[in-house]
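The structure is shown first.

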Amino acid sequence: LDGLLVLSGSDRSGAFARRDVELLASLREHLRSAFIKSRLLAELEELSDKKSEALRIAAHDLRNPVGTIMSAIQLVELKLRQGTIDIEEVEDRLERMNAIAASTLDLLERVLDLSIIEAGGMRLEVVRTDLAAILERTVAAHQDRAFEKGIELVMEQTEPVPVVTADPLRIAQVVDNLVGNAIKFTTKRGSVRLADRETDGELELSV
């Protein structure tokens, strides 16, 4: 119920002629139409804001993987010119770049999923996740960028990383952003270290 329009001008019966009633009925339809248009406009503006936010997130999440792929390509090109790289290393680096590109594409498809944007939420696919493999891939993917800045990038691990219940794509995204930002804001000859600690059934990861 958006509201009530009450007209009262006389106590006597038949105060409103048929023409008056028809005019009021027409006015009612115009008012209903105005309310509907106003509501639709508000919903469209909200959806537009959600789409803009999704695009902002997508643009942010593209920076690290694209930068990682570019660094790997540049290093391969340099080693090829110097003749200091063999076919096995080329294949290994290409395989890593392909994995980064595939996971980035998957992430973008989920971030830009129109049904999720309209719902205003985030779809999580929670499964048993090998976090150790995610950490290893992340460290390997960022080694070239760290090397370029003279930064030591290491995974400090005293015990095996346990399997966790999580969305592997989102966890990989978070870890990648943390490591990428750490390398970006660490000065030359500095170090970036990843460590994990299990406490009370929860796993804490620090960068």
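## Largest pocket

The lining of the largest pocket comprises ten nonpolar, seven polar and six charged residues, where Ala, Val, Leu, Ile, Met, Phe, Trp, Tyr, Cys and Pro count as nonpolar, Asp, Glu, Lys and Arg as charged, and the others, Gly among them, as polar. The model is a predicted one, in which local features need pLDDT of at least 70 and side-chain atom pairs count only at pLDDT 80 or more, whereas totals for chains, interfaces and linings use all residues. Residues are numbered from 1 along each chain as its sequence is written, and side-chain values use heavy atoms, with hydrogens and water left out.

The largest pocket holds about 510 Å³ of space. Among its 23 lining residues, Ala99, Ile100, Ser103, Arg137 and Ala172 are the closest to the centre. Two or more lining residues come from each of helix H1 (18-82), helix H2 (87-111), helix H4 (131-148) and H5; H2 gives the most, with eight residues. A pocket is, on a 1 Å grid over the protein atoms alone, an open set of points with protein on both sides within 12 Å along at least five of seven lines, while a cavity is a set of points where a 1.4 Å probe fits but cannot get out; lining residues have an atom within 4 Å of a point. Grid points are joined across faces, edges and corners, and a volume is the space filled by probe spheres set on the points.

## Enclosed cavity

One cavity of 30 Å³ or more is counted, and the largest cavity has a volume of about 60 Å³. Its lining consists of Thr68, Ala72, Arg93, Arg96, Met97, Ile100, Ala140, Ala141 and Asp144. By class, these are five nonpolar, one polar and three charged residues. H2 makes the greatest contribution to this lining, with four residues.

## Salt bridges

Nine salt bridges are counted, each requiring a side-chain nitrogen of Lys or Arg within 4 Å of a carboxyl oxygen of Asp or Glu. Arginine 93 pairs with aspartate 144, with the closest N and O atoms 2.6 Å apart. Because arginine 93 lies in helix H2 and aspartate 144 in helix H4, the pair ties together parts that are 51 residues apart in sequence. Arginine 93 is buried at 10% relative accessibility, as is aspartate 144 at 8%; buried means under 20% relative accessible area, exposed over 50%, and partly exposed in between (1.4 Å probe, protein chains only). Lys79, Glu89, Arg93 and Asp144 form a network of salt bridges.

Glutamate 152 and arginine 193 also meet in a salt bridge (3.0 Å, N to O). This pair links strand E2 (residues 152-156) with strand E4 (residues 191-199), 41 residues apart. Glutamate 152 is partly exposed at 40% relative accessibility, and arginine 193 is partly exposed at 33%.

Aspartate 176, in helix H5 (residues 168-185), is buried yet has no salt bridge, and the nearest side chain of opposite charge, arginine 145, is 6.9 Å away. For charge, Lys and Arg count as positive and Asp and Glu as negative, with His and the chain ends not counted. Beyond its neighbours within four places in sequence, aspartate 176 is in contact (heavy atoms within 4.5 Å) with Asn64, Pro65, Thr138 and His142.

Glutamate 204 is located in strand E5 (residues 202-206) and is partly exposed, with a relative accessible area of 41%. Leaving aside neighbours within four places in sequence, glutamate 204 contacts Ala195, Asp196 and Arg197.

## Overall fold

The protein chain has five helices and five strands, taken as DSSP runs (H or I, at least four residues, for helices; E, at least two, for strands) numbered from the N terminus. Their order along the sequence is α-α-α-β-α-β-β-α-β-β.
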